[in-house]
Amino acid sequence: MQDLLRRLRERWNALPRNARIGLVGGVVGLLVLFVALGFWATTPTYTTLYTGLSPADSAAVVKALQEKNIPVRTRGGGSIIEVPEEYAEQARLELAAQGLPKTGAPGYARLEKTPFGITQLMEQTTLRIALEEELQNTIEHLEPVERARVHITPGNDSPFADSRTEPTASVVVTLKPNATLTREQVRGIVHLVCHSVEGLKPENVTVVDAEARPLWQGGDQHAVESELVRMRREAERAYAEELRRQLQQHLDRVLGPGKSAVMVQVELDLDKEEVQSQRVEPLEPNRAAVISETTETERLVGNPPAAGGAAGIAGNRAENPLYPTAPLAGGTGEYTREDRVRNYEVNKQIEHIVRAPGRIERLSVATLVDESVPDQALNAVRSWLEATVGVSPNQPNRIVTVQRVKFDTSQAEQARKEQAAREAARRQELLWRLLPVILLLVVTFFLARVIGKQIRRPTPPPQPVAALPSAGTLAIEGAAPAGALTEGSEQALQAVVDDEGITIIEETAPDGTVIVRRRRGPAVIEEELAERIRERTQPELIEIQRFAEKKPEHVAALLRNWMKS
């Protein structure tokens with residue numbers, strides 16, 4: 001362990017000052033980034049616990065949560081309570097155990113505080129108010145409704161018909177922002193109130209919104225007629241939209257997207273019609289069916305009986321028979337009687353036709369086609385639409401029009417730009433979320449690279465410039481070691497200090513022959529050695545200096561050109 005620390009210390013001491021500063025700064029920055037990421041990762045995600053609370057309920061809820069050591073924060077002037085997601089269920093259970101929030105009306109809970117000795121009128125009034133508050137709390141739980149008020153007028157069940165009245169109710173609803181109530185939802189509220197109050201009928205219920213606009217008037221004939229008109233308009237709109245969608249799909253498939261626009265208008269007959277007709281055809285005996293027949297035949301051959309008795313009722317009585325007991329002598333005659341009755345079935349046809357609602361009274365299809373569509377395709381589109389809609393001389397109530405216009409693509413281009421802007425914002429948001437991780441990776445990469453370079457770079461041991469025989473080594477600040485002076489050159493530089501303090505500079509060849517020997521004092525030798533070191537380590541600068549000394553006019557011309565440019 002000590003050996004490892006020693007080697008680390010040696011490597012640290014061997015690093016240049018800039019490398020030490022960069023390494024320390026990188027480590028500090030990395031630590032700061034790690035701490036920031038830690039705070040960012042440990043920041044809880046808050047979720048909405050309650051909205052639309054009154055100041056009193058908001059203060060009570062915040063106090064209860066703080067007593068339970070649950071983090072809480074408020075927004076919207078204190079009407080919105082937020083807690084971390086992991087504490088949401090616990091917070092709801094804790095607040096429910098304490099009966100918070102108390103925004104809703106008491107309802108039937110007010111019956112628990114009924115005083116002793118209450119009169120019957122007060123009891124009935126309390127029950128009515130409790131029922132109104134319960135209905136109010138129930139309606140407020142609906143999704144589009146923010147607040148609601150219910151008013152009930154009880155009926156009078158009097159034994160006298162003139163004094164008897166039916167109960168009525170009024171409901172006032174305040175909707176949430178950008179929320180609407182459909183007709184089915186309004187009808188559901190009306191049925192909820194009707195089934196909660198005994199004897200209440202839907203026509204005796206009125207529902208209005210916060211701006212006093214009627215949503216339900218069951219007792220008005222105008223409301224019933226408006227409902228029928230609304231149903232007809234909705235049916236026409238649904239049929240027209242379905243037909244328009246089908247036609248537009250086919251046109252986009254043939255002409256291409258954005259080359260056509262279809263508009264459909266339709267009028268439907270929603271009346272239910274029943275037709276019952278009876279038609280009687282002329283009688284044909286050969287084809288008629290006999291249902292009853294009566295035939296009577298009476299025939300007498302010989303002398304007919306003589307009439308007896310006087311005419312009338314008296315002559316036909318039993319004591320005066322019509323026919324004598326004996327025929328008259330010498331009488332002759334023949335009596336024949338035949339009666340035939342035949343009844344035929346009457347030839348009739350009965351029709352009972354029930355026509356279902358939804359017949360098309362008028363249908364209009366208007367189509368706009370871009371001017372880039374050729375005439376041949378335009379005629380084909382017109383013929384296809386007429387055949388699809390069913391245009392014919394016998395159907396004058398079905399109209400098809402096709403026109404060529406120049407389409408304005410600015411809105412589509414604006415929509416594409418907005419979509420691109422939304423995509424860019426989404427990508428930027430994602431980038432900001434990933435930015436801490438990216439910074440961490442970048443800092444880690446560069447820090448590892450710097451440390452790796454410093455570790456791989458060999459640090460040569462310090463060497464003296466020249467060995468001193470008597471006074472030791474002459475150290476010159478900023479000078480390279482002697483080995484660096486001889487690298488790539490044929491001559492060697494050696495500085496020796498004698499006993500008198502005079503420095504002797506010798507330049508020797510590789511074979512040991514002394515080329516130049518100069519004697520300099522301690523003050524001059526350092527400057528000359530530094531100059532020789534610069535000449536040996538920077539040959540390009542020396543060549544530039546020699547060129548300037550030999551041809552100064554060229555250097556002056558070059559400088560003038562640089563200054564002009």
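**A charge over a ring, and what lies around it**

Mentor: Start at Arg73: its charged end sits over the ring of Tyr46, 4.1 Å from the ring centre. The rule for such a pair asks that NZ of Lys or CZ of Arg be within 6 Å of the ring centre and within 35 degrees of the ring normal. The model is predicted, so local features need pLDDT of at least 70 and side-chain atom pairs count only at pLDDT 80 or more, while totals for chains, interfaces and linings use all residues. Residues are numbered from 1 along each chain as its sequence is written, and side-chain values use heavy atoms, with hydrogens and water left out.

Now turn to Glu82. It belongs to strand 3, residues 80-84. Helices (H or I, at least four residues) and strands (E, at least two) are DSSP runs, numbered from the N terminus. Is Glu82 buried or exposed? Glu82 counts as buried because its relative accessibility is 5%. Buried means under 20% relative accessible area, exposed over 50%, and partly exposed in between, with a 1.4 Å probe and protein chains only.

Two arginines meet the Glu82 side chain. The side chain of Arg73 makes a polar contact of 2.8 Å with that of Glu82. The side chain of Arg75 makes another with Glu82, at 2.6 Å. A polar contact is a pair of N or O atoms within 3.5 Å; within protein, one must be able to donate a hydrogen and the other to accept it, and residues adjacent in sequence count only if both atoms are side-chain atoms. So Arg73 has a polar contact with Glu82 and its charged end over Tyr46, by the rules for polar contacts and for charges over rings.

Beyond four places in sequence, Glu82 is in contact with Tyr46, Thr47, Thr48, Leu49, Pro71, Val72, Arg73 and Arg75. Contact means heavy atoms within 4.5 Å.

Helix 3 runs over residues 55-67, 13 residues in total. From first C-alpha to last it reaches 18 Å, close to the 18 Å expected at 1.5 Å a residue. That expected span is 1.5 Å times one less than the number of residues. Which residues of helix 3 are buried? They are Asp57, Ser58, Val61, Val62, Ala64 and Leu65. Seen down the helix axis, these fall within an arc of 165°, so they line one face of helix 3. The arc is that of the directions from the helix axis to the C-beta atoms. The face turned away from the buried side carries the exposed residues Pro55, Ala56, Lys63 and Glu67. Asn69 follows helix 3 with a positive phi, near 60°.

Pro44 lies in the loop between helix 2 (17-42) and strand 1. It is partly exposed, with a relative accessible area of 32%. Setting aside residues within four places in sequence, Pro44 is in contact with Pro84 and Glu86. The C-alpha atoms of Pro44 and Pro84 are 5.8 Å apart, across 40 residues of chain.

Last, the whole chain. It has 13 helices and 17 strands. Of its 565 residues, 21% are buried. Among contacts with a separation of 6 or more, 63% join residues 24 or more positions apart.
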